[in-house]
Amino acid sequence: MEYSILSFQSLPFLLPMVVCAIILNVGLYIHLNFKHVPIKKISMIVALLMLPFAAFFVPLLSKMAFDFGFELLFIYIAFSGICFISVLIFAVLMPKRAPSIVQILGVGVFLFSFYSLLA
Amino acid sequence: MLETILFAVVIFALLWPFFIYLDVMNFTKDPSTMEKHLPGRPARRTIGRKNEDVSKSIGYIFVGHALICGAFFAFLNFNDLLPDGALIALAWAAMAIAMFLFSPANRMMNAYSNLGHIAVVHLVCMLSTFIIVISFVYDVKVNIEQAGYMFLMAVGAMMIFSGKPNAPQKKKNEEEISF
């Protein structure tokens, strides 16, 4: 049976994706600010940290794709959208100046198209 | 299939006007002129070096996402043939190689842009590589409706982070403030 990615059944898969996206973005933020550490060392640390991610994501994806029949397009788009939204939350949490109308409009356009694509 | 790939190219090419608007890339000035001085960052590089660094970073990010996307599909194809451990190793290898590309690319681009702009590049590269891979490997066509929504997602992301790159200014010490 095929489920929609926005259905209640996908919640146990979406929540770990959200957590992973937040961890990835925190990692991105940290490595951009650790300019005193050589880039080779950072790349090696990040590459090693990908092992638990791979160990976590492979069973999750196989369960989503084969047991629950979520469409591949939607799994991939959902993860990329969630990653971007977590960056957006980061940007909102660390405001440097008030958002402009274009930026607010952009949030609306992005969220509308993301939801419509997955619906 | 050709239309799908063309659509992916269009989405990817959106980065060009985006970075020109942000003044992160500039092809009108003489490449040997110095880049604009940003607050908190010394202007050490030329416009030519800046364009080269940003293009190189975008290239690295694109290749990294193509690798991850390829591994994603390889994993789905060989799911029955390989044991779980081998699949995890395959995914890890692809992600590790991608991280070796992403880390220098992110840092190189961060010299000229902010975290949000880097996230936009990642999103656009993720979408375009995914569309190319599904059309090549699975011969899946993206229909007009989906293409429109993906285009809007990319445009919306660019609108959100349309602010020009601005580095955090150095905090003034008390003496400077009182002066």
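Predicted model: local features only at pLDDT ≥ 70, side-chain atom pairs only at ≥ 80, totals over all residues.
The side chain of Asp53(B) forms a salt bridge with that of Arg49(B), at 3.4 Å from N to O; the term denotes a side-chain nitrogen of Lys or Arg within 4 Å of a carboxyl oxygen of Asp or Glu. Arg49(B) is partly exposed, at 41% relative accessibility.

Asp53(B) and Arg49(B) lie four residues apart in helix H3 (residues 47-77) of chain B, and therefore about one helical turn separates them. Helices are DSSP runs of H or I with at least four residues, numbered from the N terminus.

## The second salt bridge

Over all chains, the whole structure contains two salt bridges. Glu52(B) pairs with Lys56(B), with the closest N and O atoms 4.0 Å apart. Glu52(B) is partly exposed at 48% relative accessible area, and Lys56(B) is partly exposed at 35%.

The axes of helix H3 (residues 72-93) of chain A and helix H5 (residues 115-137) of chain B come within 10 Å and cross at roughly 175°. H3(A) is therefore roughly antiparallel to H5(B), a term for angles over 145 degrees. The residues of this contact (heavy atoms within 4.5 Å) comprise 16 nonpolar, two polar and no charged.

## Basis of the values

Residues are numbered from 1 along each chain as its sequence is written, and chains are lettered from A in the order in which they are written. Local features need pLDDT of at least 70, and side-chain atom pairs count only at pLDDT 80 or more, while side-chain values use heavy atoms, leaving out hydrogens and water.

Conventions:
Axes fitted to C-alpha atoms, helices over the stretch in contact; angles between N-to-C directions. Helix = DSSP H or I, 4+ residues; strand = E, 2+ residues; numbered from the N terminus. Parallel < 35°, antiparallel > 145°, perpendicular 65-115°, else oblique. Nonpolar A, V, L, I, M, F, W, Y, C, P; charged D, E, K, R; others polar. Buried < 20%, exposed > 50% of the residue type's maximum accessible area, 1.4 Å probe, protein only.
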